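Subject: Structure for your review

Dear colleague,

A short account of the findings comes after it.

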Amino acid sequence: MKNFTSFADAGDYQALLNKALEIKQNPFGYQHIGRNKTVGLIFFNPSLRTRLSSVKAAYNLGAQAWVLNAGADSWTLEMADGAVMNGSTQEHIKDAIAVMSQYCDVLGVRTFPTLTDRDEDYEERTFNKILQYATVPVISLESATRHPLQSFADLITVAEFKRTERVKVVLTWAPHVRALPQCVPNSFAEWFSEVEWVDFVITHPEGYELDERFTKGARIEYDQRKALEGADFVQAKNWSSFHDYGQVLGNDPAWMLTPAHMALTNDAKFLHCLPVRRNVEVSDAVLDAPGSLIIEEAGNRVFSMQTVLHELLK
Ligand code: CP
């Protein structure tokens, strides 16, 4: 593994999953790999889970971590190549990333989409600049189009809690009060459509179709109730339109997950990447039910990151 930015970088996903489950059993067993190593973490947007789980993962592996909130903690960064920097930006991303690479052995970076310029977002122009200028391995802590550490943590959680060899996993769109990126559902689709022991179904209202480069022929079911029938795992998430880029086309509250929805499933375990808008996306009764794995899922963010760090530093 040279960088970790997508499912493709995971290589043999089953081997990586097995390593994560092994590391979780013995979290401090590879401290020799992280000794005298530094993990740099740069956030262009807010985070709770990614930031804290990444620091914990580095600690478990015997490494040190530093965190920089770009723009807030640092100079205001210029992204444009060839810019005449006589305005408000104070340091070019080219210099900042190259310098930060001097201060760490692996660099985790979170960027977000514009949600207004689809080409800019889906070409990953910001993240690709970081890959271009970094001189150490780079981990995506979420980019304009993907959140691979989240999907890897979701896979760990499903593997831990599955009760049968094959499982049906449903990704359902859920209402929200804001326009949100497609990164989490894109990555979830990219990962789970490849897992051999998963029957993967995506359900959303018409108009919320994801980019087919991520769904890769996965079954799309517009009838949420039909999609949920027999599900072993349900992952809920809001996203804005890909085709009508960044727009909220409708917010039907009937799509909010309630116990009535979960009653259609095979006593499914419930997943959400968090943060969640309670009683908008998902009802309290689902989030707080015994079958809800939202806290376990967030806990597994430590082990997805720790496993990736292990692979990059070993
Ligand atoms: N799921 C997730 O990435 O959470 P944060 O945005 O809080 O890091």
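The notes that follow concern the domains and the ligand.

This is a predicted model, in which local features need pLDDT of at least 70, side-chain atom pairs count only at pLDDT 80 or more, and totals for chains, interfaces and linings use all residues. Residues are numbered from 1 along each chain as its sequence is written, and side-chain values use heavy atoms, with hydrogens and water left out.

The domain assignment, whose bounds come from an automatic or database source, gives domain 1 (7–147 + 301–313) and domain 2 (150–298). Their centres, taken over C-alpha atoms, are separated by 25 Å. In contact (heavy atoms within 4.5 Å) are 29 residues of domain 1 and 35 residues of domain 2.

The ligand lies between the two domains, because both give residues to the shell around it. Around the ligand (a heavy atom within 4 Å) are Ser47, Leu48, Arg49, Thr50, Arg110, His147, Gln150, Cys273, Leu274 and Arg301.

Of the 250 Å² of accessible area (Shrake-Rupley method, 1.4 Å probe) that the ligand has on its own, the protein covers 92%.

Yours sincerely
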